[in-house]
Amino acid sequence: AVRSTVPGGYAAWDGTSMACPQVAGMAALALASHPAILAAPRDAGRVDALETVLLGAARPLGGGAAYEGSGALR
């Protein structure tokens, strides 16, 4: 239930269409706060470093990995 703008106002929807913009925004914030990762070559190593930062910022919500993956980014 991610609250976001929808045609006509706001609604709480779920699914990858709602989660993807959240993760993309967090990835942008992570890159901005980790200049070494931002400056690294665009390769698998950079992706791994960014993933490590994002997973480190995730906190379980109590629903289990099968339901929520690594949890919510904070």
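**View 1. The largest pocket holds about 750 Å³ of space.** This view, like the others, comes from a predicted model. Rolling a probe the size of a water molecule over the atoms shows where empty space is left. Around the largest pocket you can find 22 lining residues, and those nearest its centre are Val2, Ala19, Glu68, Gly71 and Ala72. Helix α1, helix α3, helix α4 (65–68) and strand β4 (72–73) are the elements that each give two or more residues to this lining.

**View 2. Helix α1 runs over residues 16–33.** Here is a friendly check on its length. With 18 residues at 1.5 Å a residue, α1 should span 26 Å, and its end C-alpha atoms lie 25 Å apart, so the two values agree.

**View 3. Four residues of α1 are buried: Met18, Ala27, Ala30 and Leu31.** What covers these buried residues? The cover includes strands β1 (2–6) and β2 (9–13), together with helices α2 (35–39) and α3 (44–57).

**View 4. Thr16 belongs to helix α1.** Is Thr16 buried or exposed? Its relative accessibility is 67%, and a residue counts as exposed when that value is over 50%, so Thr16 is exposed. Now look across to Gly45: from C-alpha to C-alpha, Thr16 and Gly45 are 25 Å apart in space, with a separation of 29 residues in sequence.

Notes: Residues are numbered from 1 along each chain as its sequence is written. This is a predicted model: local features need pLDDT of at least 70, side-chain atom pairs count only at pLDDT 80 or more; totals for chains, interfaces and linings use all residues. Side-chain values use heavy atoms; hydrogens and water are left out. Buried means under 20% relative accessible area, exposed over 50%, partly exposed in between (1.4 Å probe, protein chains only). The expected span of a helix is 1.5 Å times one less than its number of residues. Contact means heavy atoms within 4.5 Å. On a 1 Å grid over the protein atoms alone, a cavity is a set of points where a 1.4 Å probe fits but cannot get out, and a pocket is an open set with protein on both sides within 12 Å along at least five of seven lines; lining residues have an atom within 4 Å of a point. Grid points are joined across faces, edges and corners, and a volume is the space filled by probe spheres set on the points.
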